[in-house]
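Please read them alongside the coordinates.

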Amino acid sequence: MADTEILLESGTNEIEIMQFTINDELYGINVAKVREIMMADKVKPIPHSHNAVEGIFKPREILLTVVDLPKYLTKQECEKHPRDLFIVTNFNKMHIAFRVHRVVGISRISWTDIQKPDNTISHGEEGVATGIAQCGDNLVTILDFEKIVAEIAPETGIQVEEITKMGKRSERQEKIVLAEDSILLTKMIMDSLTKAGYTNVTNFNNGKEAWDYLTAAKKNNTLDESADLIITDIEMPEMDGHHLTKLVKSDEEMKGIPLIIFSSLINSEMRIKGKQLGADEQLSKPEIGHLVEVMDTLLERR
């Protein structure tokens, strides 16, 4: 895909959802996380690994960890079929394959068509449904793949210890606006930022809530005391981080506010999108220590 084509798609608040089935139930994954689909193959078991990890296999140059998604979701052994597929993903700088039963197709929808599941089905921090999408006539459960991987291998997620290594830091008064929809990640990011001295952080569940807050502050002439820096995820229901970035950086009064995209999806293609939209920095999700360093630099520069 040419860079120009990528740029044309930036900030449209749309997402492509790949739909797949497990035991005839429909689930979805953001196409931006998918590297390829392949026929399920024999894997080499790894002793003492999480019970949902099937093992490893190396189809070509990259060694892949294979997660048995039916087993992870049902908490019981599911029969493996010869027609099962591996969805090979790339996020948080990792390549992981997930076993699924069937891939149904791809739907391009707006983030406004994805709703956050309520607590009756999401179980708060414990839930693995990050959103419910309306794809044509079907309701599709969007799975939180970062959370699944973080549960299977905690060392791949956000490491609060990175902040501890920085030593004692003085308290900062700057007002930080955080847009992040994951309950678990929000807690980890907030804890890390508080530990780093950033105690004045307001979290919003999606880009739309953050944008409403910023526009209200602008209307009340309180923008200066309401937002000194913005941190946004990319994948969020209602309004994604790219669309939020586009809105902020297209606004004469807001465009000077430093904005960091902090997402598991950061790769070379996403960097082109983020840069074209005006993001000041783009960092991959686990790098919490680096995030704090970048925040320090951007605020000092401001």
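Are α7 and α9 roughly parallel or roughly antiparallel to each other? Point 2 takes this up.

1. Basis of the notes. This is a predicted model, in which local features need pLDDT of at least 70 and side-chain atom pairs count only at pLDDT 80 or more, while totals for chains, interfaces and linings use all residues. Residues are numbered from 1 along each chain as its sequence is written, and side-chain values use heavy atoms, with hydrogens and water left out.

2. Helices α7 and α9. Helices (H or I, at least four residues) and strands (E, at least two) are DSSP runs, numbered from the N terminus. The axes of α7 (residues 207–219) and α9 (residues 241–249) lie 9 Å apart, at an angle of about 20°; axes are lines fitted to C-alpha atoms, for helices over the stretch in contact, and angles run from 0 to 180 degrees between N-to-C directions. The two helices are therefore roughly parallel to each other (angles under 35 degrees; over 145 is roughly antiparallel, 65 to 115 roughly perpendicular and the rest oblique).

3. The α7–α9 contact. From α7, G207, A210, W211 and L214 meet L244, L247 and V248 of α9 (contact means heavy atoms within 4.5 Å). By class, the residues of this contact are six nonpolar, one polar and no charged; Ala, Val, Leu, Ile, Met, Phe, Trp, Tyr, Cys and Pro count as nonpolar, Asp, Glu, Lys and Arg as charged, and the others, Gly among them, as polar.

4. S264. This residue lies in the loop between β15 (259–263) and α10 (268–277). S264 counts as buried because its relative accessibility is 2% (buried is under 20% relative accessible area, exposed over 50%, partly exposed in between; 1.4 Å probe, protein chains only). Beyond its neighbours within four places in sequence, S264 is in contact with K33, F91, N92, E146, E235 and K285.

5. E146 and α4. The side chains of S264 and E146 make a polar contact at 2.3 Å (a pair of N or O atoms within 3.5 Å; within protein, one must be able to donate a hydrogen and the other to accept it, and residues adjacent in sequence count only if both atoms are side-chain atoms). E146 is one of the buried residues of α4. That helix, residues 145–152, is mostly covered, with six of its eight residues buried.

6. S192. Located in α6 (residues 183–195), S192 has 0% relative accessibility and therefore counts as buried. The side chain of S192 reaches the backbone oxygen of M188 at 2.8 Å. Apart from neighbours within four places in sequence, S192 is in contact with I158, V160, I163 and I288.
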